Amino acid sequence: AGGVTVRDPRLDFFRGLAMYIILIAHVPGNAWTSWIPARFGFSDATEIFVFCSGMASGIAFGAVFIKRGWHLGAARIAFRVGQVYWAHIGVVIATACIMVALQSTGMGEPDKDYTRWFPVGGFFSSTDGRPEATLLGLFTLTYIPGLFDILPMYIVILCMVPVVMALYKAGGRQAVFVFMAVTWMCANLAGYHLRVGDEEATSALTRGLVALGAHLDWMNLPGIPWEDRATWFFNPFGWQLVFFTGFAFAMGWIPAPPVRRDLVIAAILVVLITVPFAWYKMYQYKTGYVPDSVVGRFFWDFRDYIEPLRWKGYVGLWRYVHFLAVAYLAWAAVGHAGARLSTGWGVRERLPETRFLIRCATGAVLLVTAPYTYIAEIKLFAPALDRWFFENIPLIPGRYIGLMHLAHLAALIPFVWHSIGDRWRQWLVRDAFLACVPVIRKVGTQSLAVFLVSIAFSRVMGWSADSMATWVDAQNFTYLEGRDVWMRLLVNVTGFGVLIATAYLASWFKSQPWREPKKTQKQAPETARSGVSSAVPAE
């Protein structure tokens, strides 16, 4: 089997989507994080990024191993590891410089010490860390604070690629799959020993797992030199399962799954069953959508009970299965070879009477739930209406307000969809979508450069949102009480623009426009006579 030589459009598209989601998740205090995939399922954009990176590695490096031999393939991996290593060092230092600039210039919030921010605080404060140990740990990858933990994990996994290719040469794909499974299980046992410990091991089974994990504790790589038991958040020996799953698909070791109705239904069930256990805000104390009840307590207790199955740092089993289900649905949604990425979707036609009934039913729900959904807005812009409503209409207990919000959202989407007309619906699912695809793919093709910029720029986005809020408060703009919504929109859209600009700029530099175009060489006479092409496929 050989590596795939043609770049799949789905690879860049989904990796580009992951870049946008990762940016949203990294902005401090970003309200948009309430709606990223991680809130509704155990797997999130990290799995997308790692899986697609595995596929990209299979495409980029697999052919080198197959065609040029193991030694040159390993050399190609070593070159890439060096690139990622120095990219990691650079982004940490650049982000630390941004924090120092905000602090030293006085541009930051007066009540915040930006140099004490935990990922970079170890460089500057002996109370938050040890500057000498921090500097040494940065270059030896033993200082891996939060936010900067994906690239080190990627480095270690890349170092496993030559091992996997040697195993494939010796024992075929079965040997590779055994290596993946055993390494993943050992990493989870090491995590069990670290997170559960002897004190919480109450049964013979848990004590046995903890004891077994103690022998594998070396897999918990040290992450902060001056803190005991502080390890890498993303354990590479667990995350290699996701990476090499994508790698195996790209290498042809795992066949492409068929799109069948029963498999689609099974994947949908896995996703839906996971939602109540992953979306903990549904039943969170006081702020949850589901009132405190037997049902809410069941979900909360069961969520704690299955914690090892949903571990993010070690890729728990349920988390991995959930990602496979989501990936399969995405695979089916974009069509064969990603055809819908170039054609878009069609709109299902409904009878006018059906659309009218849907609008009436959802409109009634919107009217009933609106007073409980827009409480702050009604109080701000129509205080008389607010007083009249709450004096004359029976109130819904506060613990049920969250359910009103969900009902309103569930009715709003179909109401708007069936009210905008066929022309606008078709524009959304075809024209607008197809206009976004090339931009998203461009971000995906330059994922390393985009990721590095997103890490550093997310700090700037958090600072800018805080600064705008402080300025508005200072101006006493009381009519902008809902300013947070529009400010977050501005901040996030600006961040998306920066990612897009980074992707196109990186692509332009990689094209080396300063080089003179090569002159077209005339075909040799003997080659022309023989009819043999002199073109050599690019690797």
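**Close-up views of a predicted model**

**View 1. At a relative accessible area of 32%, Gln512 is partly exposed.** Keep in mind that everything here comes from a predicted model. Gln512 sits in the loop that runs between helix H19 (483–510) and helix H20 (525–530). Its phi is near 50 degrees, a positive value in a residue other than glycine. As a rule, most residues other than glycine have a negative phi.

**View 2. Ala337 is another non-glycine residue with a positive phi, here about 55 degrees.** Look for Ala337 in the loop between helix H11 (317–333) and helix H12 (340–343). Ala337 is partly exposed, and its relative accessible area is 43%.

**View 3. Helix H4 (residues 131–140) has Thr134, Gly137 and Leu138 as its buried residues.** Looking down the axis of H4, you'd find those buried residues within an arc of 105 degrees, so they line one face of the helix. They pack against helix H3 (70–104). Over on the face turned away from the buried side, H4 carries the exposed residues Glu132 and Leu136. Just after H4 comes Leu141, with a positive phi of about 60 degrees.

**View 4. Arg319 and Asp44 form a salt bridge, with their closest N and O atoms 3.3 Å apart.** Arg319 belongs to helix H11 and Asp44 to the loop between helix H1 (9–26) and helix H2 (45–68), so the pair ties together parts that are 275 residues apart in sequence. Both ends are tucked away: Arg319 is buried at a relative accessible area of 4%, and Asp44 is buried at 11%. The two also take part in a network of salt bridges that links Asp44, Glu47, Lys312 and Arg319. For the model as a whole, the count comes to eight salt bridges.

**View 5. Within helix H17 (residues 422–445), Asp422 and Arg425 lie three residues apart, about one turn of the helix.** They form a salt bridge whose closest N and O atoms are 2.2 Å apart. Asp422 is partly exposed, with a relative accessible area of 36%, whereas Arg425 is buried, at 2%.

**View 6. Asp431 forms a salt bridge with Arg430, and the closest N and O atoms are 3.3 Å apart.** Asp431 is partly exposed, with a relative accessible area of 37%. Arg430 is partly exposed too, at 35%.

Methods. Residues are numbered from 1 along each chain as its sequence is written. This is a predicted model: local features need pLDDT of at least 70, side-chain atom pairs count only at pLDDT 80 or more; totals for chains, interfaces and linings use all residues. Side-chain values use heavy atoms; hydrogens and water are left out. Helices (H or I, at least four residues) and strands (E, at least two) are DSSP runs, numbered from the N terminus. Buried means under 20% relative accessible area, exposed over 50%, partly exposed in between (1.4 Å probe, protein chains only). The arc is that of the directions from the helix axis to the C-beta atoms. Contact means heavy atoms within 4.5 Å. A salt bridge is a side-chain nitrogen of Lys or Arg within 4 Å of a carboxyl oxygen of Asp or Glu.
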